[in-house]
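I opened this entry to look up how the side chains are packed and paired, and I kept my notes in the order in which I looked.

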2 protein chains.
Amino acid sequence: MTTGPSTSSGPSADRGVIDLLGLLAYAELGSFFRLAADAGLAPSLRSQGRLAAIAATEQVHYQAIRDRLVELGADPEEAMAPFVEPLDAWHERTRPKTWLESLVKTYVGDGIAGDFYCKVAELADDGTRAVVESATAETGRAEFIAETVREAVEKDPALSGRLSLWARRLVGEALSQAQSVAVSRPELAALLASGTGDGAEEGTAALGHLAEVSRMFAALTARHSARLEAMGLTA
Amino acid sequence: MTTGPSTSSGPSADRGVIDLLGLLAYAELGSFFRLAADAGLAPSLRSQGRLAAIAATEQVHYQAIRDRLVELGADPEEAMAPFVEPLDAWHERTRPKTWLESLVKTYVGDGIAGDFYCKVAELADDGTRAVVESATAETGRAEFIAETVREAVEKDPALSGRLSLWARRLVGEALSQAQSVAVSRPELAALLASGTGDGAEEGTAALGHLAEVSRMFAALTARHSARLEAMGLTA
């Protein structure tokens, strides 16, 4: 409940929180590599440079979460491992074909990550919360992306429908991957569903958790509509 | 001649210095994207993370040089433009097929860039020198790369010959691209060859510059041998 920095650390962190941090760490690392790989889509050297800056920010977040996992006594690569396949699968199924698709993907993906960061901030210790808050502090890049997409849609209104559809696909594929994660990581599902780290009924209640995670994810993606509007798109 | 930070800036910078900064800016940006694209070669999640950190450092350097170009009154993308094709061609001709090849390429490429940074520091104004010096200050990553390659070569001595050959190819292709840059950028060639920004005899003396640039490049790459030794390879 305190807002100042805390010294709490050590291997006492809840397994679910470690899972959540592992998920976010790999989400940032994966986004870093995918964004960089999309560089060829950028329409100019200037845009390539901006894309590099966005990607580099993801690397900084990755590093901060990884460092926090180490501080918490967790093996960071072990914590990330369960999320490599589902996140890679998401990227694989949502390969942008244009620069604008790449921007929309970054904006949507960052938004979902931001929602998960909020969840971590809600559930974790003060030290972890501080890390998470600094990772979500900068908003300049999100504004740059939203503005670029909005301008493009204003110039060519036909883009709106196509990009809106693309955004729906991004969320749909994310939901599908989240379901599979919920099945394989009941502790994480319990954490996300209940808002507590109490995993006592995991296993037997896995299907219940699954439904709850779907609801939680639906709530998270409700904020998705606001993000689409910011880009001039429709949900 | 002063060592402290200077306020000198403005559009008075020599065209050759602008060229050199444009070359370095795109070298950093290009390396950033290529390194990130090589992520799939990394043997582990941990190595991928380290590769991301190395790439992110290149982005920071790119940003610092780009900012300096703006301060000097230059259009940074215009300054980079002449070097996009030769640097892209170099990357295209030297695509690493293994993780170790990627590391050797990074080490060799960084080394050559470092030599060019020294050249800039020698020739440019104090403000630019400060930017360049901060870009070349951190050596930790270079040590990590050299150590990793050295350990791999110690474990499997057969690698030494293959990687030494690879390093020679990297430098050979760089030299070939440098020659074409020297032809198309006589002011830059003059700057590098003479150590002054005086481009009075450019054009008529282009072939002379070309030879001088080759010699300069040979001198630069003499340091290359030391770098190879640091990795347990031979020149």
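I took contact to mean heavy atoms within 4.5 Å. Leaving aside neighbours within four places in sequence, I found B:V104 in contact with B:V149, B:L163, B:W166, B:A167, B:L170, B:M231 and B:L233.

The model is predicted, so local features need pLDDT of at least 70 and side-chain atom pairs count only at pLDDT 80 or more, while totals for chains, interfaces and linings use all residues. Residues are numbered from 1 along each chain as its sequence is written, chains are lettered from A in the order in which they are written, and side-chain values use heavy atoms, with hydrogens and water left out.

Of its 133 residues, A:V104 and B:V104 touch the most other members.

A:E92 pairs with A:R95 at 2.6 Å, N to O, and A:E92 counts as partly exposed because its relative accessibility is 41%. A:D126 and A:R129 meet at 2.7 Å, N to O; A:D126 counts as buried at 18% relative accessibility, as does A:R129 at 17%.

I also recorded a salt bridge between B:D115 and B:R227, with the closest N and O atoms 2.7 Å apart, and both residues are buried. Finally, salt bridges that share partners join A:R15, A:D19 and A:R185 into one network.

Definitions and conventions:
A nonpolar core is a set of buried Ala, Val, Leu, Ile, Met, Phe, Trp, Tyr and Cys residues joined through side-chain atoms within 4.5 Å. Buried means under 20% relative accessible area, exposed over 50%, partly exposed in between (1.4 Å probe, protein chains only). A salt bridge is a side-chain nitrogen of Lys or Arg within 4 Å of a carboxyl oxygen of Asp or Glu.
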